[in-house]
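This report describes selected features of one protein. Please consult the sequence and structure shown here alongside the text.

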Amino acid sequence: MFLDYARIHIRSGKGGDGHVSFRREKYVPAGGPDGGDGGRGGDVIFEVDTSMNTLFIYKHRYQFKAGNGEPGGKKRCHGKNGEDIILKVPEGTILREEHSGKIIADMSGSNRRQVILKGGRGGRGNMNFATPTNQAPQYAEPGKPAAELDCTLELKLVADVGLVGFPNAGKSTFLSRVTNASPKIASYPFTTIDPNLGVVDLGDGRGFVIADMPGLIEGASEGVGLGFRFLRHIERTRVLIHLVDTASFDGRDPVEDIKAINDELMKFNPDIMKKPMLIAANKIDVRTEGDDPVERIRREYEPQGFRVYPISAVTGEGVTELLNDVRNLLDTTAPEQVYYEQEFFPEDLISLSDLPYTVETEEGHDGETVYVVEGPKIERMLSYTNLDSEKGFRYFTQFLRRSGIIDDLKEAGIAEGQSVRMYGHVFEFYDDEAMFDESDE
Ligand SMILES: Nc1nc2c(ncn2[C@@H]2O[C@H](COP(=O)(O)OP(=O)(O)OP(=O)(O)O)[C@@H](O)[C@H]2O)c(=O)[nH]1
Ligand SMILES: [Mg+2]
């Protein structure tokens, strides 16, 4: 089954604690410290697996943990390192931090493997702490904590060519005719509910990948119909073939159909319409009464710079010419891959706990006391959180509680309903689960 979205929780391994022990030998009354270091915690690593094309394996599993490092032992024994965990994903998977929606990794192009969360370092054993003044240290370092993250995985298929068009235009029929794929085909709309990929082999070794998408309809860019969820796959294709039904019996007009779909693509992401698009006027094997629909499509769209190909996905008429031109377009358009830059650096979030902040008071313009929280810790957290989303806001208030900022505010004497300012955001303080209300100031 195809799945292009998943939520998971990942966690690296905790570092093993350093050990406290002393050498014991026969006839040696007090040996030196010999407590070994703890092992390092395992990393969480993402890796592209080219044999995968769906995120299905993440449907039924949510937690992914690397192994913890083992504690050090006596006789300078180094604890075992925790096992790394390697999560396989299909090429084109984008990993985001769930609460901010920011990108941690784009597993495509040359990025085949990325360490997402590093395991905690092992603590040093007491053998490291002997000094001339303290020959018998009774302490060792604890292992560094694990790191954890809520993430989303989103798959943007990597295909050279995308097929777009209304339901029932013949997209799946076309795919099955020109590639090795065998998608479901039927004479009713919305037959395709998941994208299908197929490889076109023109016989000269220069194959390319076509993605057949569920049909789009008016309103698709706002979530109407089935095609919406798949519009993002179109973003990554290099060339589009727009299939249109020229033999529709239910009163559809192909000229209007093309316009409706192009409008939706434009609304979803104007960059899509910058890609080369070929119009395939399909089902020309069906004789139609009255004016020639292909001529009308030509008259309307050729002046706008589109090339129009009369084809029949069923008989194969016109298909070879279309594919050859697609091939030439692919050869001449730079493989401009959309690569998403990393915006979220898990290491930063982890080191947040070490960053400073201050809680101070000042007098507001109406004589009220305003509590001001400042410092890199809060600034960094704000930059990571989307306060406009309910989830993001909740995450932020949890952070305030966990990091002790709420306690510090209370210690400074804050009362319910008083204002707290943090870098341009003003909140009203409520010490219950809701905790804060962002006021409009
Ligand atoms: N006569 C004729 N019928 C065609 C042609 N191409 C497709 N059809 C028929 O049109 C119907 C719809 O074809 P599909 O390939 O399932 O259409 P689709 O665009 O994939 O439709 P959705 O998956 O619903 O978006 C089927 O009954 C096909 O047999 C063609 O070139 N000529
Ligand atoms: Mg289909």
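This is a predicted model: local features need pLDDT of at least 70, side-chain atom pairs count only at pLDDT 80 or more; totals for chains, interfaces and linings use all residues.

The size of an interface is often given as the accessible area lost when the parts come together. On the domain 1 side, H99, S100 and K102 provide 78% of the area buried against domain 3, more than any other three residues. The side of domain 1 that touches domain 3 consists, by class, of two polar and three charged residues, with no nonpolar ones.

## Domain layout

Three domains make up the division of the protein: domain 1 covers residues 1-155, domain 2 covers 161-332 and domain 3 covers 355-438. The contact described above draws on five residues from domain 1 and seven residues from domain 3. Between the C-alpha centres of domain 1 and domain 3 the distance is 32 Å.

## S172 in helix 1

S172 belongs to helix 1, which spans residues 171-178. Is S172 buried or exposed? S172 counts as buried because its relative accessibility is 8%, below the 20% cut-off.

The side chain of S172 forms a polar contact with the side chain of D212 at 2.7 Å. Beyond residues up to four places away in sequence, S172 touches P183, K184, I185, T192 and D212.

## S312 in a loop

S312 lies in the loop that runs between strand 14 (307-310) and helix 5 (319-332). With a relative accessible area of 0%, S312 is buried.

Which residues does S312 touch, apart from those up to four places away in sequence? They are N282, K283, I284, D285, E317 and V319.

## H78 in a loop

H78 is located in the loop between strand 3 (63-65) and strand 4 (85-89). H78 has a relative accessible area of 51% and is therefore exposed, the cut-off being over 50%.

Neighbours within four places in sequence aside, H78 is in contact with D37, G38 and G39. For one of these pairs, H78 and D37, the separation is 41 residues in sequence, whereas the C-alpha to C-alpha distance is 5.0 Å.

Note on methods. Residues are numbered from 1 along each chain as its sequence is written. Chains are lettered from A and ligands numbered from 1 in the order in which they are written. Side-chain values use heavy atoms; hydrogens and water are left out. Helices (H or I, at least four residues) and strands (E, at least two) are DSSP runs, numbered from the N terminus. Buried means under 20% relative accessible area, exposed over 50%, partly exposed in between (1.4 Å probe, protein chains only). Contact means heavy atoms within 4.5 Å. Domain bounds come from an automatic or database domain assignment. Buried area is the accessible area (1.4 Å probe) that two parts lose on being put together, summed over both. Ala, Val, Leu, Ile, Met, Phe, Trp, Tyr, Cys and Pro count as nonpolar, Asp, Glu, Lys and Arg as charged, and the others, Gly among them, as polar. A polar contact is a pair of N or O atoms within 3.5 Å; within protein, one must be able to donate a hydrogen and the other to accept it, and residues adjacent in sequence count only if both atoms are side-chain atoms.
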